[in-house]
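Biologist: Could you take me on a close look at one part of this protein, the sheet and the core packed with it? I would like one connected walk through that part.

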Amino acid sequence: MILIHLNNVPQTLQQSLSLQALLEAQNICQHSVALVLNEAVVPKHRWSSILCHHEDKIDVFAVVAGG
């Protein structure tokens, strides 16, 4: 099992998932969020190729346009 921290909430995964698959499993809409993995912003085009690892800290932020 893999323990991750998603928005500071511990979550256990049965197997490693890509960041994209993690968002899908959490029913998080991918069109309007930004993702930070271990304090580094991850570009959206890399979400499908990066796997979650034990003790990863993942923060999901809603993107809001303003002016």
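Modeller: Happy to! A nonpolar core here is a set of buried Ala, Val, Leu, Ile, Met, Phe, Trp, Tyr and Cys residues joined through side-chain atoms within 4.5 Å. Please keep in mind that this is a predicted model. The largest nonpolar core has 17 residues, and L19, L22 and I58 touch the most other members. At least two residues of this core come from each of β1 (2–6), α1 (19–25), β3 and β5.

Now to the sheet. Its five strands form an open sheet with mixed pairing, in the order β2-β1-β5-β3-β4. At the edges sit β2 (9–13) and β4 (40–42), each pairing on one side only. From one strand to the next, the twist averages 35°.

Let us zoom in on β5, residues 57–62, which runs antiparallel to β3, residues 33–37, with five bridges joining the two. One of the residues to look for is F61 in β5, the bridge partner of A34. Then find I58: leaving aside residues up to four places away in sequence, I58 touches I4, H5, L6, N7, L19, L22, L35, V36, L37 and C52. Among these contacts are L19 and L22, which join I58 as the residues touching the most other core members.

Finally, visit L51, in the loop between β4 and β5. L51 counts as partly exposed because its relative accessibility is 42%. Beyond its neighbours up to four places away in sequence, L51 touches S16, L17, S18 and D56. The C-alpha atoms of L51 and Q15 are separated by 9.8 Å, with the two residues 36 apart along the chain.

Note on methods: Residues numbered from 1 in each chain as written. Predicted model: local features only at pLDDT ≥ 70, side-chain atom pairs only at ≥ 80, totals over all residues. Heavy atoms only, no water. Pairing = 2+ DSSP bridges. Helix = DSSP H or I, 4+ residues; strand = E, 2+ residues; numbered from the N terminus. Axes fitted to C-alpha atoms, helices over the stretch in contact; angles between N-to-C directions. Buried < 20%, exposed > 50% of the residue type's maximum accessible area, 1.4 Å probe, protein only. Contact = heavy atoms within 4.5 Å.
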